[in-house]
Amino acid sequence: FKVARELCNRYGALFIADEVQTGGHRTGPFFASSHTHFSNNCSPDIITLGKAINPMVPVSMVLVRQSIGNALVPGTHGSTWGGNPFAMAISNATLDYYKDINLENQMITIGKTLMKTLQFCKENNNRIADVRGLGSMIAITFNTANDAIYFKKRLATEGSRQKLSVSNDLIKDSPHFNYEQLTGKPINGIALKLTEENRTMRVNPTILTPTQLNYLCKLYEGALIENAPKEALNISLSSNLPLNTKQNALEIEQSHLNISKI
């Protein structure tokens, strides 16, 4: 990123950060490019956004530096669905909601919890080459393409192996969604996208409750550690978390997490 920024400055080119997937707190901060290890080298001139800023209708957004904005007179930049008041109203409400529930801290907590679980899996599975990610966007790299396909299939069926089903405890903290019809239904596993021949990528939901996050970690651990060691990772989250009907997901401080070996 540092070299790219320097080249753009040297030749008068614009540095564009595509945050259609990473924007909207997917990695913690609203913009992935604002992470400290990026922002010191990146500093984009243009940022593109989409997906997370509107959960109902397609919306795209382009942010530009003031100097670029001054050059965009009416008619020079537009889109087929531009200027839709209904879509803008939903987007504004969505952004307000993210602020109300402090989604940035929520995604940081989810990311840290998942990364600790997956790092533990890596330590106990020599077929995992690397685990990395920011917030809810996490990639698992395996040694070979065959390993990636094998564990992708295991993850998709791990819920069946553990004989997990949707319980009231799993859905009770999600008041904004009608999950009642799912009670008692089997949990199959985790769906992963194979982004490269030896890498799987997961964009985990931003609305995970503590219980759902706990289930997710159990699924990862069960699928990725075939011969579980005597000391298995145990993830317990405080039952006294400040969940309410407005905050349907989770709002937990790092101090509430107790991740230890038993």
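Reader: Is Leu-194 buried, exposed or partly exposed?

Author: In this predicted model, Leu-194 has a relative accessible area of 31%. Buried would need a value under 20%, and exposed a value over 50%. Because 31% lies in between, Leu-194 counts as partly exposed.

Reader: Which residues is Leu-194 in contact with, leaving aside its neighbours within four places in sequence?

Author: Contact requires heavy atoms within 4.5 Å. With the neighbours within four places in sequence left aside, the residues in contact with Leu-194 are Ala-148, Ile-149, Lys-152, Arg-199 and Thr-200.

Reader: How many Å apart in space are Leu-194 and Ala-148, C-alpha to C-alpha?

Author: In sequence, Leu-194 and Ala-148 are 46 residues apart. In space, the C-alpha to C-alpha separation of Leu-194 and Ala-148 is 7.7 Å.

Reader: In what order do the four strands of the antiparallel open sheet stand?

Author: Strands S4 (128-134) and S6 stand at the edges, each with a single partner strand, so one side of each has no neighbour in the sheet. Neighbouring strands in this sheet are turned by 25 degrees against each other on average, direction ignored. The sheet is open, its pairing is antiparallel, and its order is S4-S5-S7-S6.

Reader: Which residue in S5 is the bridge partner of Ile-128?

Author: S4 and strand S5 (residues 137-142) run antiparallel and are joined by six bridges. For Ile-128, the bridge partner in S5 is Phe-142.

Reader: Which helix lies across S4, S5 and strand S7?

Author: The helix spans residues 210-224, and strand S7 spans 199-203. The helix runs at about 5 degrees to S5. The helix that lies across these strands is H8.

Reader: What is the bridge partner of Leu-49 in S3?

Author: Strand S2 (residues 46-49) and S3 run antiparallel, with four bridges joining them. The bridge partner of Leu-49 in S3 is Met-61.

Reader: How many disulfides does the count come to?

Author: Cys-217 is in no disulfide, its nearest cysteine sulfur being that of Cys-121. By the distance rule, the count of disulfides comes to zero.

Reader: Is Cys-217 buried or exposed?

Author: Cys-121 has a relative accessible area of 0% and is buried. For Cys-217 the relative accessible area is 2%, and the cut-off for buried is under 20%. Cys-217 is therefore buried.

Reader: What percentage of the 262 residues in the protein chain do buried residues make up?

Author: The protein chain has eight helices and nine strands. It exposes about 14,700 Å², of which carbon and sulfur atoms supply 53%. Of its 262 residues, the buried ones make up 39%.

Conventions: Residues numbered from 1 in each chain as written. Predicted model: local features only at pLDDT ≥ 70, side-chain atom pairs only at ≥ 80, totals over all residues. Heavy atoms only, no water. Disulfide = S-S within 2.5 Å. Buried < 20%, exposed > 50% of the residue type's maximum accessible area, 1.4 Å probe, protein only. Pairing = 2+ DSSP bridges. Helix = DSSP H or I, 4+ residues; strand = E, 2+ residues; numbered from the N terminus. Axes fitted to C-alpha atoms, helices over the stretch in contact; angles between N-to-C directions. Areas by Shrake-Rupley, 256 points an atom, 1.4 Å probe, with all protein chains shown as cover.
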